[in-house]
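Colleague: Please take me through this entry, starting with the contacts of a single residue.

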Amino acid sequence: MPSETTGRPADDATRLSPLSAAQRAEIFAALDPVPGCAKPDPVIVVDGVTRKFGGLTAVDVAHLEIQRGAITGLIGPNGAGKTTFFNLITGFDKPNTGTWALNGESLGKLVPHQVSRRGMVRTFQLTRALAKLSVLDNVRLGARSQRGENFFAALAPWTWRSQEADVTERAHALLKRFKLDAKAQDYAGSLSGGQRKLLEMARALMCDPEVVMLDEPMAGVNPALTQSLLEHIKSLRDEGRTVVFVEHDMDVIRDISDWVVVMAQGSVIAESLPHRLGENEAVVEAYLGGHHDQMLEFDADGNPVGATAELAEEVDDAVAKALQAGGDLSTAGTHPTGAEEKTL
Ligand SMILES: Nc1ncnc2c1ncn2[C@@H]1O[C@H](COP(=O)(O)OP(=O)(O)O)[C@@H](O)[C@H]1O
Ligand SMILES: [Mg+2]
């Protein structure tokens, strides 16, 4: 199916080779958890990417590798540069310096539809569904950048039309997958926040991407839909796709990430197995902004001990509570004492 409609070579149809849970566990357990650490099979490699807005360095990523076929959670306080980083590597923004590659091919000069054609798509923190178009047409639009836009194909309308039918069929199949099929003919504007997130995912999948970048896919989604969104994200990985997603809720991060990358002030400050995040001094620092008035203590294995262990738990709790309350993490560093942290 994919080769006919994505514009990629036919042998690309077999390019997705899912990893089992055991394989993923083995890969990530073996990594040296430091910023920029090497992965055995990186689908994305980033080097020296910086982006400045006036005097502010929004992104400054020295080196980052994203492992193929896994879910990488990208976390960090608000303003850490996560969205800007997504914008850069998917061609929506241009960096001041740096290079990055997808499957070894440098993407620096490409615009978004060229990036998606090579197999990397992203969704937006604020959904971009076109309210006055039908749900079906919104999904069909995900197929642009395909053969219908191609100059030679345009000379041969019969090819174009057969593709059009195929696009519609695939759009229907995706709507079914995301349980939006009953809404196909409704205006996208009539969907709930959660349904729009699903719509965005369906649209992103129209070009059968190898890498899916999701910017806060859970934000604004009511709890009834979050579980289903999580299952959809896992299913992308289980098909062999690579998922990078930005999320604030630590429970969600722990539930579905194979690996976590932490950004603060534009840089990658930590990489970790999800369940070891709370033990990471740099992560605790980033979320508490250095306002805690005690030294952090870790044992020889890097596990927090004594008060530091309690603090690590508090950070996790504070993050979870802030999100449950609809707050954001940008305030997490502004409360100097433990008592206040608990109320975040
Ligand atoms: N277009 C822009 N112009 C100026 N500053 C920006 C722009 N986009 C982002 N920033 C700034 O860059 C920093 C990183 O923002 P962003 O990437 O949105 O962070 P995050 O997604 O991690 O919350 C923030 O300080 C933000 O205010
Ligand atoms: Mg953001």
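**Contacts, ligand shell and confidence**

Modeller: Leaving out residues up to four places away in sequence, Ser-257 touches Ile-71, Thr-72, Gly-73 and Pro-274; two residues are in contact if their C-beta atoms, placed from the backbone, lie within 7 Å. Please note that this is a predicted model, in which local features need pLDDT of at least 70 and side-chain atom pairs count only at pLDDT 80 or more, while totals for chains, interfaces and linings use all residues. Residues are numbered from 1 along each chain as its sequence is written, and chains are lettered from A and ligands numbered from 1 in the order in which they are written.

Colleague: How many residues apart in sequence are Ser-257 and Ile-71?

Modeller: They are 186 residues apart in sequence, yet their C-alpha atoms are 5.1 Å apart in space.

Colleague: And where is the place of Ser-257?

Modeller: Ser-257 belongs to the loop between helix 10 (250-256) and strand 9 (259-264). Helices (H or I, at least four residues) and strands (E, at least two) are DSSP runs, numbered from the N terminus.

Colleague: Why does Ser-257 count as buried?

Modeller: Ser-257 counts as buried because it has 27 C-beta neighbours inside 10 Å. A residue is buried if 20 or more other C-beta atoms lie within 10 Å of its own, exposed if 12 or fewer, and partly exposed in between, with C-beta atoms placed from the backbone.

Colleague: Changing topic: which residues are around ligand 1?

Modeller: The residues around ligand 1 are Phe-53, Leu-56, Ala-58, Gly-76, Asn-78, Gly-79, Ala-80, Gly-81, Lys-82, Thr-83 and Thr-84. A residue is near a molecule if its C-beta atom, placed from the backbone, lies within 6 Å of it.

Colleague: Which elements give two or more residues to that shell around ligand 1?

Modeller: Strand 2 (56-67) and helix 3 (82-89) do. Helix 3 gives the most, with three residues.

Colleague: How do the residues of the shell around ligand 1 divide?

Modeller: Four are nonpolar, six polar and one charged. Here Ala, Val, Leu, Ile, Met, Phe, Trp, Tyr, Cys and Pro count as nonpolar, Asp, Glu, Lys and Arg as charged, and the others, Gly among them, as polar.

Colleague: Staying with helix 3, how many of its eight residues are buried?

Modeller: Seven of the eight are buried, so helix 3 is largely enclosed by the rest of the structure. The buried residues include Lys-82, Thr-83 and Phe-85. Just after helix 3, Gly-91 takes a positive phi of about 85 degrees.

Colleague: Which residue other than glycine has a positive phi near 45 degrees?

Modeller: That is Gln-265, found in the loop between strand 9 and strand 10 (267-272). Glu-216 likewise has a positive phi, of about 50 degrees, although it is not a glycine. Most residues other than glycine have a negative phi.

Colleague: Now the core. How many residues has the largest nonpolar core?

Modeller: The largest nonpolar core has 73 residues, and those with the most contacts inside it are Val-139, Leu-175, Ala-202 and Val-262. This core draws at least three residues from each of domain 1 (2-272) and domain 2 (280-342), the bounds coming from an automatic or database domain assignment. A nonpolar core is a set of buried Ala, Val, Leu, Ile, Met, Phe, Trp, Tyr and Cys residues joined through C-beta atoms within 7 Å.

Colleague: What is Ala-202 in contact with, leaving aside neighbours within four places in sequence?

Modeller: Its partners are Val-139, Leu-174, Leu-175, Phe-178 and Leu-180.

Colleague: And the chain overall: how many helices and strands?

Modeller: The chain has 13 helices and ten strands. Buried residues make up 43% of its 344 residues.

Colleague: Last topic: what is the mean pLDDT of the chain?

Modeller: The mean is 81, and 76% of the residues reach 70 or more; pLDDT is the predictor's confidence in each residue, from 0 to 100. Among the elements, strand 2 has the highest mean pLDDT (98) and helix 13 (residues 338-342) the lowest (33). Over residues 145-153 the pLDDT is below 50, and over residues 327-344 it stays under 50. Where pLDDT is low, the predicted coordinates should not be read in detail.
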